[in-house]
Amino acid sequence: MKKLIVLTGAGMSAESGVKTFRDDDGLWQNHRFEDVASPIAWKNDPELVMEFYNQRRKQLFEVEPNPGHRALVLLEKKFDVRIITQNVDNLHERAGSSNVLHLHGELKKVRSTINPNLVYTMDQWELKMGDKCEKGSQLRPHIVWFGEAVDMIGPAVEIVSKADIVIVIGTSMVVYPAAGLINYVSDDVPKFYVDPKAFQVSGISNLKVIRKKAGVGVPELVDRLLSE
Ligand code: APR
């Protein structure tokens, strides 16, 4: 089976009602990321950081996968599909995708502040000060904050460098190292970029730009790839 790698960003979940970061009314229009998504923020005002992620985790219970998420699942009939997402929601998994790598962490997970390998899945939405790991230290969101290492970038490079087809969906391609993954794809590999603001990425060949929303452009592309 050909290896089909999908790189997704916040735009993938936009039509599910999940805010993106840099669009109008995006998350970074209403918060400075330094105040809610960085180790300094956590040190200075952990309750504010907790609240930022609690509100986003709470929304997970109110949103559903969209036709874009669901179309990607259909690709698994014909391709060895790996999804590498910058998103921290669980919509790919809830749509039924079986191989999802989260570069920036997961809203539904929290981890120990004394041992980052102690990771726990949350069934409810609210994490509070005083919620502790088995070693007795405060739990924090299992999210990669600005300034922290993207531990999963190594495995992601490994996966993307073996791709036979690549689909990029709903990302502004401005945050590294995630945005640099496409540079590890061979020139001859067909690439697609589905995003209303998709653009020809400099230095990347064999890239087809599809300026459509994920909910429309992804099902159309999937139909085409399955019928070829
Ligand atoms: N369908 C497809 N793409 C869409 C849609 C849609 N319905 N709506 C918006 N988009 C696109 C926008 O055009 C933009 O290119 O989604 C992209 C959103 O860009 P960002 O908000 O920058 O999100 P993303 O690229 O995922 O950000 C990367 O930045 O703040 C960090 O950790 C955070 O993972 C995030 C990273």
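This briefing describes the sheets, cores and ligand surroundings of one protein structure. The structure is a predicted model, in which local features need pLDDT of at least 70 and side-chain atom pairs count only at pLDDT 80 or more, while totals for chains, interfaces and linings use all residues. Residues are numbered from 1 along each chain as its sequence is written, and side-chain values use heavy atoms, with hydrogens and water left out.

**The parallel sheet**

- An open sheet with parallel pairing is formed by 6 strands in the order 3-2-1-7-8-9, where strands are DSSP runs of E with at least two residues, helices are runs of H or I with at least four residues, and both are numbered from the N terminus.
- Two strands are said to pair if DSSP finds at least two bridges between them, and, in general, strands of a sheet pair through backbone hydrogen bonds, either parallel or antiparallel.
- The edges of this sheet are strand 3 (100–102) and strand 9, each of which pairs on one side only, and neighbouring strands are turned by 15° against each other on average, direction ignored.
- Strand 8 (residues 191–194) pairs with strand 9 in the parallel sense over 4 bridges, and within this region K191 stands opposite L207 in strand 9.
- Helix 9 (residues 214–227) lies across strand 1, strand 7, strand 8 and strand 9, running at about 155° to strand 8; axes are lines fitted to C-alpha atoms, for helices over the stretch in contact, and angles run from 0 to 180 degrees between N-to-C directions.

- Strand 4 (residues 105–112) and strand 6 pair in the antiparallel sense over 4 bridges, with R111 opposite R140 and G105 opposite I143.
- Strand 6 (residues 139–143) is largely enclosed by the rest of the structure, because 5 of its 5 residues are buried, where buried means under 20% relative accessible area, exposed over 50% and partly exposed in between (1.4 Å probe, protein chains only).

**Nonpolar cores**

- A nonpolar core is a set of buried Ala, Val, Leu, Ile, Met, Phe, Trp, Tyr and Cys residues joined through side-chain atoms within 4.5 Å; in the largest one, which has 26 residues, I5, L7, I84, L103, V166 and L181 touch the most other members.
- Strand 1 (3–8), helix 8 (153–160), strand 7 (165–169) and strand 9 (207–210) each supply at least two residues of this core, and helix 8 gives the most, with 4 residues.
- Apart from this core lies another, of 21 residues, among them W28, A41, M122 and L127.

- T8, which has its place in strand 1, is buried, with a relative accessible area of 0%.
- The side chains of T8 and H92 are joined by a polar contact of 2.9 Å, a term for a pair of N or O atoms within 3.5 Å; within protein, one must be able to donate a hydrogen and the other to accept it, and residues adjacent in sequence count only if both atoms are side-chain atoms.
- Of the 22 residues around the ligand, F21, R22, T171, S172 and D195 come nearest, a residue being near if one of its heavy atoms lies within 4 Å.
- A polar side-chain atom of W28 lies 2.8 Å from an oxygen atom of the ligand, and a polar backbone atom of Q86 is 3.3 Å from an oxygen atom of the ligand.

Key
Contact means heavy atoms within 4.5 Å.
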